[in-house]
Each structure stands twice: as C-alpha cells, then as structure tokens.
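Please look over the sequence and the model shown below before reading on.

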Amino acid sequence: MKISVVGSGYVGLVTGTCFAETGVTVTCVDIDQKKIANLKKGIIPIYEPGLDDLVKRNVEKGRLFFTTSLKDSLVDADVLFIAVGTPPDEDGSADLKYVLGVAKEVGMYLDHYMVVVTKSTVPVGTSHKVKKALQDELNKRGIIQQFDVASNPEFLKEGNAIEDFLKPDRIVCGVESEEAKIMLEKLYKPFVLNGHPILFMDIPSSELTKYAANAMLATKISFMNDIASLCELVGADVNWVRKGIGSDSRIGNKFIYPGAGYGGSCFPKDVKAIIRTSDEYGHSLKILKSVEEVNDKQKEVLFHKINKHFNGNLKGKKIAIWGLSFKPNTDDMREAPALVIIKMLLEAGATVRVYDPVAMQESVHRIGNIVEYATDAYDATIDADALLLVTEWSEFRMLNFPMLKKLMRGHVIVDGRNIYEPEEMKSNGFVYYCIGRKP
Ligand code: UGA
C-alpha cells in the first residue's frame, strides 16, 4: 500500500511516520522547502517525544519519503491524507484555503482511483467542499476519474502523539462508499489489534465528532475550574471533590484537573469553531459559550491570587514563572495561560523572570525580551518576591526548599496546577496558594 500525507506539520508528520511504521510506503509532502530539506536530513520541525527516532528508522527502512511535490506523491498512491493547517481567519472560523488548495491540486493530476481523506480539523461540510474542488479540476481537464472522499479526524495529544496514534481509543472514519471503507479498514487494522474500534459513520457525523470530543473535554476542564472556585469559597478541597466524582465511572477521572485554564492549538480554536457553526444554524451552544468564558477568566486566576497577596501593588515586584508552554512535554505556547499571566504582571509594573524546559526559544520568538530568561528553574527565582508555577513539567515537582529560600526574596508560591502539598509548603515556611484548595 502507498499513501501520501500532505502537510508535514504536527498531525501530518505523526500520521505519516506511524503509518510507515506498519510497512506502508509513505510520502510526506509540504510546500515549505526548508522543512522538507531538514526532514530529509532527519531534522524534525516540532518537539514531540519519540518522533525523531521513528522518523529516522522509517527513512532508513526506505518506507518514509519527503517531497515538496504533491504531484510526485500521487504516483500509485491509494490514499491521500490532507493534514494541512486550518488557521482561524479574521472572524475566527477555520480558513480552508490550504485544504481546498490541496484538493484542487490533486484534481489537476489525479489519474487513478484514490481515497482523499481529510485529517485536518475542519468544519462540518468540508469534505464535500473537498470533493467539489477536486471534481471541478477533473471537469476542467475533461476527464472522468473515480475517487472518494472521507473524513478521519485525529485525536492526538501533543507530547503523547505517537502513543495516541499507535494505540488509539478509537478511530473515527466518515465514508460514503464501500471502497473507501475497505481501504481505510486495511490501513488502520494494525492499530486496532488491541480491540479498540474503527467507527465507520457518515461524513458529517465524523466531522462533528472531532469538535464534539474537544468541546466535551474543554467542558470538563472548565466545569472543574468553576467548581474549584466554589471550593475556595466554601472551604472545600477540589482534590477530594475531583477524586470523589472521578471514581464514578460515568464521570471518569480524566480531564477533571483544575488548573490555569486550557490552552493549545486545539481546545480554544475548536470550541470557538463549534459555537460558530451552531450559531450559523441558528442554534446557540450556551454551555460552550460559558465554557469559553470560564476559561478566559481562569487564565487570569494566578495573577489575581498574587495581586491580592501584594494588596494590589505589584509595582517593582520580581515574579518568577515556571512553565511557559500550554502544557508539559511540548514547546507549544499557542493560547498558553503563561502569556496572559505575563501580560497582566507586566502591566501591573512587575518584572518577570521565566524558565521552561523546552519552550524558551519559542517564548523569545513570541514575546521577545519583555521578560528575563533564566538558565534553569532556580536561576529564575533569584531575588523573586514570588514564584508562579504555570505548567506542571516533571522537573518542577520536587522542590529544593533550602535553595529556594536562599535564592528568593519573598517566600510565596502560587501553584497553578496543584502539584504541591499545602502542608509541606507551610512546614517549609512558604506562603502557598493553589487552585481550589485550602492554602
Ligand atoms: C487535545 C485533545 O486532548 C486531543 O484528543 C486532540 O486530538 C487535540 O486536542 C487536537 O484537537 O488536535 P492537546 O491540545 O494536545 O490535545 O492537549 P491536551 O492534553 O488535551 O490539553 C489541553 C489543555 O487542557 C492543556 O492546556 C491542559 O493543561 C489542559 N487540561 C487538561 C487541564 O487543565 N486539566 C485537565 O484535566 C486536562
């Protein structure tokens, strides 16, 4: 079997590499010449644990190829995955120009049956637009060529993408022909030997499943953040409440950790997009509008806690920040809570010194030198009046109290992810704030 994966970003590269791992011949395509040249040399454009080795192995085995030519990748391809970006346009809806551009180009060169699968996260109805764009090109060429479109959303988590792809909970495929179903079944069979299902459904249901899944997860998080705020008011401990409700298998214990708000390239964008789609159909998704509102507020919570501690006067205060990426194991800072917190701290007149195990370069790229960059976690705390933990990287979990005491000017810690124990903090002489727990 031979496949083409168009778009060698995070989704495309993981998808292509993991398919190659099963013995399929994969060509990954991207218009970015530098990216392709680097990939050919084994230089990976993103930080994703395990991906380098997997790419290297499959390139060496002669199963994984990189090219800038979509046309070349079509030769003998059975399936083509569209995994290009869908950045939000000015009004927040997904911009489909790259997705439809690929469909058009496929239509310009297609000369055999192929299944064209949309992998990018796209609004309901996009696969049919892909079909039309492709068919229009075939019509222009005046040829009759059978092809199928399908929808196959991805459910990968950044930082855990390889594992998620190789051992999925489920695979969702929207199809409208038996041939497309057989092809995708063949391709995905190696990944469902663990008994997890491939769910075949119609295309609109598959497209909506992706948004509904992310919206549901975002809802769980905002719900817990809201409950955490209530815990603080009534004197309850959200950790107990979380465990108490999470033990009910109908609720489940995953994605109910309160924190500094959800970020990343998916939840914020997808919640917005599903709200928008629904509005367009005249139906207001009220729950999700509140989910967004709660999350926007949550990203400010750490600032308010520290601001309150200093009685609303942060002028001249030195604040250390641990963690810049929107979550651990990635350098991705899109919609990261740290960005909101830094902005508010600076506006309040504080100086900010930051450290992140992998996102420092990304931060320089995004916000430049408006903050000071530390060489390691403890270096960030030198002379700090307070330390804010924003992202729960493993290396922050064990604190060296004597060192912190020596380095910091004030002994205040605001823990945005509840990774420390209030008792331990207190006994080590720190004023400790966290989320939804008694300090
Ligand atoms: C998310 C989904 O989990 C994936 O299934 C999906 O494929 C992906 O979006 C996508 O649409 O491409 P990702 O954005 O990589 O994956 O990150 P998550 O691990 O889901 O975390 C999202 C945010 O929620 C992070 O900011 C994290 O800190 C926050 N979070 C997560 C919480 O605040 N509490 C939790 O209990 C869990």
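**Around the ligand**

In this predicted model, the ligand is surrounded by 20 residues, of which Glu158, Tyr257, Tyr262, Gly264 and Cys266 are the closest. Sorted by class, the shell around the ligand consists of eleven nonpolar, five polar and four charged residues. The element that gives the most to this shell is helix α9, which runs over residues 203-234 and supplies three residues.

The protein chain is divided into domain 1 (2-201), domain 2 (211-297) and domain 3 (299-433). The centres of domain 1 and domain 2, taken over C-alpha atoms, are separated by 30 Å, and the contact takes nine residues from domain 1 and eight residues from domain 2. On the side of domain 1 that touches domain 2, five residues are nonpolar, three are polar and one is charged.

**Gly264 and its contacts**

One of the residues closest to the ligand is Gly264, which is found in the loop between α10 (238-246) and α11. Is Gly264 buried or exposed? Gly264 has 20 C-beta neighbours inside 10 Å, and a residue with 20 or more is classed as buried, so Gly264 counts as buried. When its neighbours within four places in sequence are left aside, Gly264 is in contact with Glu158, Phe326, Lys327, Asp332, Arg334 and Glu335; of these, Glu158 is also listed among the residues closest to the ligand. Ser325 lies 61 residues from Gly264 along the chain, yet their C-alpha atoms are separated by 8.4 Å.

**Helix α12**

Helix α12 comprises the 13 residues 286-298, and at 1.5 Å a residue it should span 18 Å, which agrees with the 18 Å between its end C-alpha atoms. Within α12, the residues Leu288, Val291, Asn295 and Gln298 are buried. These residues cover an arc of only 80 degrees around the axis, and therefore sit on the same side of α12. An α-helix has 3.6 residues a turn, so residues three or four places apart point the same way. The buried residues of α12 are covered by elements that include α9, α11 (267-280) and α13 (301-309), whereas the face turned away from the buried side carries the exposed residues Lys286 and Glu293.

Conventions. Residues numbered from 1 in each chain as written. Predicted model: local features only at pLDDT ≥ 70, side-chain atom pairs only at ≥ 80, totals over all residues. Near = placed C-beta within 6 Å. Helix = DSSP H or I, 4+ residues; strand = E, 2+ residues; numbered from the N terminus. Nonpolar A, V, L, I, M, F, W, Y, C, P; charged D, E, K, R; others polar. Domains from an automatic or database assignment. Contact = placed C-beta atoms within 7 Å. Expected span 1.5 Å × (residues − 1). Buried ≥ 20, exposed ≤ 12 C-beta atoms within 10 Å, placed from the backbone. Arc of directions from axis to C-beta.
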